[in-house]
Amino acid sequence: MKINVAVVAFAVLFAGCGTTTAPEADASNALLASTTAGAIVPPAPPNPLEEQGEQIQSLIEAGEYVRALGMLSPYLEEGVPATAEALQAIRVLAALTQNWPLAVRCAQKSAQMFPEQALDFGATEVSCLLLEKLYDPALQKTKELVAAAETAPEEVRADFLMKVLGFSIQAFQQKEPVDSRMYLTLLKKQANLPPRLLTAARSLEADFLLQEQKYSAARVIIADLLREDPENLMLAAMINRIDADATLVESLMLNVERTSSDWVLWTRLLVLSTESPDIDKLFERYDVARREKDLKPAEILYQLYAESLQKQNRGALSTEALQAALKDYPDSPSIKNSLAYTYALENNNLPEAETLARDAVKTEPENPAYLDTLGWVLYRKGQFDASLQYLLSAAEQLRDNPEVLEHVGDALNAIGKREEALEFWRRAAALEPDVKFLQNKIEGLK
């Protein structure tokens, strides 16, 4: 369903909601994502905005966000107390109007009012400074926040440092590669940096270098990372891009024949062969090479292989691959989810599919892919009301995933909610305009 921005902004202003729904613009999405996360704020004093409520509501409903923002902005003045609701409403409206200077002031005031969330609001301030192209102040503010994060709980610190990676991406997307690398350098200098963050920073640095066509420097980083994580699909794809030519597959084949236990070479070859009709023969050779070393095929490569077969419309082989994977990795929620979804696609073994899907969701209750699978399995079993609960939860997190949106539309249509079904199908079709069967569904309900 399409978000009614006016209702959201007004609800935030007067109901004191803890979260908002992000508007369509990418920059606004980024801002709202960083501003609305966090702990529940303390009880606020009576909201003096209630006296102006009707006027502000009318402005918002009329789409006059600038005028509504003008009525709220006095709360950002020094010495003027502001409620959590007022500040959050200003953040929403500043994002909608892309008034980044005002968004910066709002983030600063919010950090003063609610110091327990200072890192979150500080991250918002940095993001807005970058959107203003104020790169030096953004970097300086980041350095201050990184220093402040040293005394935060480890989980909070790690969450903030992940946002620093986001600043690097944002700077790079704004065509500022030098500034983007400064954020990565700042991260890599941190003591006790979680390994996953260090790996992410180094991978991102390699990706930036690739986009700048600095292949030699990128290769050094990627090769080093692959030694630590030989089955990393993203890194394998990156180094394949560097070596891309017509003879690469043949070259890799010769190399794995010479050195059958070089798992980096096998990963690169399998990544490169996902569209090959001979991928089943290749995976069999890889399986033999692993078993000879008393190793199982890597879980991620099992998944890659099964997905490749599915895309080639070789469903039976894909199912067999996932069944073999489950024997090797009986506790893997990812493999359980993939096998359950495969069964649902085939409309086969649905009781087992439900058991597998529920096991996956039990392990990771918020994983949207797992929620979608469980919802789709229940849909296939004819349990449409029950399926909708999980599908809507998945769609809330995966708003731009046409497959999930289509699933929600199918479930709504099955329970007679035709207009709501059409809305979700239209959203899915807008994301995949060339998919004819979506258009056929829409035309069929008109």
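Me: Which residues do ring pairs link into a cluster with W263?
Reply: This is a predicted model, where local features need pLDDT of at least 70, side-chain atom pairs count only at pLDDT 80 or more, and totals for chains, interfaces and linings use all residues. Residues are numbered from 1 along each chain as its sequence is written, and side-chain values use heavy atoms, with hydrogens and water left out. Rings of Phe, Tyr and Trp (its six-membered ring) pair if their centres lie within 6.5 Å; planes under 30 degrees apart are stacked, over 60 edge-to-face, the rest tilted. Ring pairs link W263 into a cluster with W266, F283, Y286, Y302, Y305 and Y329.

Me: How many aromatic pairs are there, and what is the angle between the planes of W263 and Y286?
Reply: The count by this rule is 10 aromatic pairs. W263 and Y286 form one that is edge-to-face, 6.3 Å centre to centre. The angle between their planes is 85°.

Me: How many residues apart are W263 and Y286?
Reply: Helices are DSSP runs (H or I, at least four residues), numbered from the N terminus. W263 is in helix α15 (residues 263–272), Y286 in helix α16 (residues 279–292). The pair links distant parts of the chain, and the separation is 23 residues.

Me: Are W263 and Y286 buried or exposed?
Reply: Buried means under 20% relative accessible area, exposed over 50%, partly exposed in between (1.4 Å probe, protein chains only). W263 has 14%. Y286 has 0%. So W263 and Y286 are both buried.

Me: Why is the pair of Y302 and Y329 edge-to-face?
Reply: The ring centres of Y302 and Y329 are 6.4 Å apart. Their planes stand at 85°, so the pair is edge-to-face.

Me: Where is Y329?
Reply: Y302 is in helix α17 (residues 299–311), 27 residues from Y329. Y329 is in the loop between α18 (315–328) and α19 (333–346).

Me: Which charged residue sits over the ring of Y329?
Reply: A charge sits over a ring if NZ of Lys or CZ of Arg is within 6 Å of the ring centre and within 35 degrees of the ring normal. R290 lies over the face of W263, 4.5 Å from the ring centre. Over Y329, at 4.2 Å from the centre, sits the charged end of K296.

Terms used
Helices (H or I, at least four residues) and strands (E, at least two) are DSSP runs, numbered from the N terminus.
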